[in-house]
Amino acid sequence: MLNVKPDLGFFTETRLRETISDSQVNIPGYSFIARNCCVDIHGGVRLYIHDSIKFKPLDEFSDPDFESLWVWLRPRRLPRGFPCLVAGTVYHPQLGVNTSGMLNHLTTTLTDIVGQYPGCGIFVCGDFNRLSLSRLTSQFKLKQIIDKPTRGDKILDLVLTNLSHTYDENAVYTLPPFGLSDHNVVIVRTKKRPSRAGPSRKLISRCDTRASRKAELGRFFSAVDWSILDSAPNIDDRSRQLCDIITAGLDAIMPAVKSKVHLNDPPWITPEFKTLIAKRLQAFMSGDLASFRHLRNTVNRERKALRERFLLLKLNI
């Protein structure tokens with residue numbers, strides 16, 4: 001852990017009991033949550049979380065009959081479109097040991113998680129032995145990304161996630177077994193973010209083009225005494241006077257305002273739309289699900305409207 005410095009460390013079959021002090025299994029720079037084995041000597045699951053990541057244990061999803069633990073995570077950076085992550089560490093014993101019960105437990109737990117944290121990224125990691133997970137991966141659109149043997153020539157330790165697009169074919173590699181384990185250590189890395197040359201933002205100028213401002217500009221032009229243009233001695237002076245009047249009206253009613261935009265933003269993104277997204281996130285983080293759902297629907301409607309208006313403008317319709 002100290003050499004590789006992963007964000008998360010998933011451990012199964014820890015064989016730890018409550019008599020073991022936390023200080024004996026502490027790793028500097030990491031917090032952890034755990035379920036120690038109570039009956040089966042081979043049990044016990046544990047998850048280490050880097051101190052840079054906000055987290056809260058989801059104890060309500062634990063079941064004393066199954067080896068699993070769950071945690072809500074909020075790293076400083078997330079893939080676009082995912083408000084948070086939920087990770088689970090799972091250990092399922094050999095085939096035939098309450099297989100249907102474990103599948104039902106995982107299905108029920110993930111159903112509740114998706115309902116409580118809509119749009120979340122999901123990681124379900126651990127030792128599943130030969131448990132069939134095709135129904136689970138299909139129902140929750142998860143992909144198993146471990147492609148190398150983890151015990152002998154078998155792939156028993158799995159990572160199921162709906163964020164498989166953030167990993168590539170070289171994302172997984174293994175190290176020799178840790179301690180007395182006969183399972184390889186599995187390390188999974190995300191794709192590297194491409195480095196950017198130059199600044200990530202640019203400064204642009206925008207005018208307030210709301211309908212109320214357009215109406216006000218129309219009233220301004222209606223009130224102008226355009227006969228003053230007849231007093232110009234030539235066409236060039238008349239043209240300059242006309243431009244001066246129009247510029248004065250625009251500067252007074254629709255002044256250009258400078259703002260910073262991200263270079264990765266789609267061209268139809270506006271500051272007001274970003275404010276809506278920030279309010280949606282704030283409602284989600286505070287646990288106000290009623291406001292979150294309202295703002296989520298508002299954001300979706302506004303996104304569609306902005307994209308449609310931008311497309312019509314580009315097509316000159």
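The model I worked from is a predicted one.

Entry on N98. I located N98 in the loop between β6 (85–91) and α1 (99–116). I read its relative accessible area as 42%, and N98 is therefore partly exposed. Leaving out residues up to four places away in sequence, I found that N98 touches F66 and H92. I also looked up P118, which is 20 residues from N98 along the chain, and their C-alpha atoms are separated by 29 Å.

Entry on the helix pair. Helix α5 (residues 271–286) packs with helix α6 (residues 289–314) at an angle of about 160°, and I noted that their axes are 9 Å apart. Angles over 145 degrees count as roughly antiparallel, and α5 and α6 are therefore roughly antiparallel to each other. The crossing of the two, α5 and α6, is left-handed. From α5 I listed F273, L276, I277, K279, R280, A283 and F284 in the contact, and from α6 S291, F292, L295, R296, T298, V299, E302, R303 and L306. Sorted by class, the contact of α5 with α6 has nine nonpolar, two polar and five charged residues.

Entry on α6. I counted 26 residues in α6, which reaches 37 Å from its first C-alpha to its last, close to the 38 Å expected at 1.5 Å a residue. Within α6 I marked F292, L295, T298, V299 and L306 as buried, and what covers the buried residues of α6 includes α5.

Conventions
Residues numbered from 1 in each chain as written. Predicted model: local features only at pLDDT ≥ 70, side-chain atom pairs only at ≥ 80, totals over all residues. Heavy atoms only, no water. Axes fitted to C-alpha atoms, helices over the stretch in contact; angles between N-to-C directions. Helix = DSSP H or I, 4+ residues; strand = E, 2+ residues; numbered from the N terminus. Parallel < 35°, antiparallel > 145°, perpendicular 65-115°, else oblique. Left-handed = near helix turned anticlockwise from the far one by under 90°. Contact = heavy atoms within 4.5 Å. Nonpolar A, V, L, I, M, F, W, Y, C, P; charged D, E, K, R; others polar. Expected span 1.5 Å × (residues − 1). Buried < 20%, exposed > 50% of the residue type's maximum accessible area, 1.4 Å probe, protein only.
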